[in-house]
Amino acid sequence: MRGLSIETLEMHTGGEPTRIILSGYPELKGSTLLDKRRDARERHDHLRCLLMREPRGHKEMYGALLVPPDHPDADLAVLFLHNEGYSTMCGHAVLALGRYAVDQGLVAAEGPEALVRIQCPCGLVRVRVAVKDGKGGAARFTSVPSFAAALDVGVTTPTWGRLTLDIGYGGAFYAILPAERLELDLATTALPRLVEAAAVVSRLAAAQQPIAHPDETDLSFLYGTILTDGGLGLSGSASRNLCVFAGDQVDRSPTGSGVTARMALLHARGLAGLGQDAIFESITGSQFKARIDGETQLAGTSAVTVEVEGEAHYCGRSSFWLEEEDPFPEGFLL
């Protein structure tokens, strides 16, 4: 491990970072992407810690490790990394990877739009990237089948009594509720208080509500909590939300998989139909546009596919080293 050198490309989508690992990461074992995800967790987790944590990263860092796909239709495959572990889906990162794939020539950049097919742990995600002069720009992805896992379920809390919330799946599972139910306001409450409250909701909801993906046990866990402003995002009026995931990590973007989950909930309630548009805004003011793209089934569960649009930007390139005498070979979190 000592003497290690890793090269990365830095991007962000709506302010949320994506650290794309270019070289220096060992080859992962396994015939499937989920096998590789387990191998990364079991044998190479020190590298995730090194790149995501201080002093090379920070608590809010997010990473993408490209690996050979096993899906026959995929152009590339990716594992998502963060301060706590490995995500099953990440919308802001696939938007960044779509542009990256076009700019690096991993897919043909002919015509006004390029199609990039990315295998994620949750399934195949199709990203359409605007192309101008051979370079990628704004992008939109079509989600995996997404659904309302639970509507108006109760979670008992020591602070707020019995909370009513929804659980939606958009490639990952989220508890979703208006911030006002926690006696908070997204516009005026200090961020640390919002994060602390959302993290509590995540822990209690995960403990009290069953989380089961109909097709894959590796996806059956609550990833985080999304606090909303109470709006729906419909009729051209953006709804602000705050996504707190992986314990207490804060998404700077509106959260692609979270936006997908919100749209699936709106569809389940009969508030958004096929072709319905919505706009969602993050705490940075960045926005994702979303649309119900199709209605489908997932192992007998009614589901929808959602198209989410956003724009990623390059912000740097890095070389990370680990000297023999470095006292923090796996970084640290404060």
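**A buried valine and its surroundings**

Author: In this predicted model, Val 195 is buried, with a relative accessible area of 12%.

Reader: Okay, and where is Val 195 found?

Author: Val 195 belongs to helix α4.

Reader: Which residues is Val 195 in contact with, leaving aside its neighbours within four places in sequence?

Author: With those neighbours left aside, Val 195 is in contact with Val 244, Asp 248 and Val 250. For a distance to keep in mind, the C-alpha atoms of Val 195 and Ile 226 are 10.0 Å apart in space, while the two residues are 31 residues apart in sequence.

Reader: Now His 213: is it buried or exposed?

Author: His 213 is buried, because its relative accessible area is 11% and the cut-off for buried is under 20%. His 213 sits in the loop between α4 (191-208) and β12 (222-228).

Reader: What does the side chain of His 213 reach?

Author: The side chain of His 213 reaches the backbone nitrogen of Glu 216 at 3.1 Å, and a polar atom of that side chain also lies 2.9 Å from the backbone nitrogen of Asp 215. Beyond the neighbours within four places in sequence, His 213 is in contact with Tyr 169, Phe 173, Leu 219, Ser 220 and Leu 298.

Reader: Switching to the largest nonpolar core, which residues touch the most other members?

Author: That core has 87 residues, and those touching the most other members are Val 94, Val 116, Ile 118, Cys 120, Val 127 and Leu 182. Helix α3 (residues 91-103) contributes the largest share of this core, with 8 residues. There is also a second, separate core of 20 residues, which includes Ile 6, Leu 33, Ala 77 and Leu 322.

Reader: Going back to Ile 118, what is it in contact with, leaving aside its neighbours within four places in sequence?

Author: Apart from those neighbours, Ile 118 is in contact with Leu 76, Val 78, Val 94, Leu 97, Gly 98, Gly 123, Leu 124, Val 125 and Val 127.

Reader: On to open space, what volume does the largest pocket have?

Author: The volume of the largest pocket is about 420 Å³. Its lining is made of 23 residues, and Pro 121, Cys 122, Gly 123, Leu 124 and Val 144 lie nearest its centre.

Reader: Which element gives the most to the lining of the largest pocket?

Author: That is β7, with 4 residues, and α1 (33-43), β6 (113-120) and β7 (123-132) each supply at least two residues of this lining. By class, the lining of the largest pocket has 11 nonpolar, 7 polar and 5 charged residues.

Reader: And the second largest pocket, how much space lies in it?

Author: About 300 Å³ of space lies in the second largest pocket. Of the 16 residues that line this pocket, Asp 166, Ile 176, Leu 232, Arg 262 and Arg 269 lie nearest its centre, and the elements giving two or more residues to the lining are β11 (173-178) and α5. The classes in the lining of the second largest pocket are 8 nonpolar, 3 polar and 5 charged residues.

Reader: Last topic: how many cavities of 30 Å³ or more does the structure hold?

Author: The structure holds 1 cavity of 30 Å³ or more, and about 80 Å³ of space lies in the largest cavity. Among the residues that line the largest cavity are Tyr 62, His 92, Tyr 174, Phe 245 and Asp 251.

Note on methods: Residues are numbered from 1 along each chain as its sequence is written. This is a predicted model: local features need pLDDT of at least 70, side-chain atom pairs count only at pLDDT 80 or more; totals for chains, interfaces and linings use all residues. Side-chain values use heavy atoms; hydrogens and water are left out. A nonpolar core is a set of buried Ala, Val, Leu, Ile, Met, Phe, Trp, Tyr and Cys residues joined through side-chain atoms within 4.5 Å. Buried means under 20% relative accessible area, exposed over 50%, partly exposed in between (1.4 Å probe, protein chains only). Contact means heavy atoms within 4.5 Å. On a 1 Å grid over the protein atoms alone, a cavity is a set of points where a 1.4 Å probe fits but cannot get out, and a pocket is an open set with protein on both sides within 12 Å along at least five of seven lines; lining residues have an atom within 4 Å of a point. Grid points are joined across faces, edges and corners, and a volume is the space filled by probe spheres set on the points. A polar contact is a pair of N or O atoms within 3.5 Å; within protein, one must be able to donate a hydrogen and the other to accept it, and residues adjacent in sequence count only if both atoms are side-chain atoms. Ala, Val, Leu, Ile, Met, Phe, Trp, Tyr, Cys and Pro count as nonpolar, Asp, Glu, Lys and Arg as charged, and the others, Gly among them, as polar.
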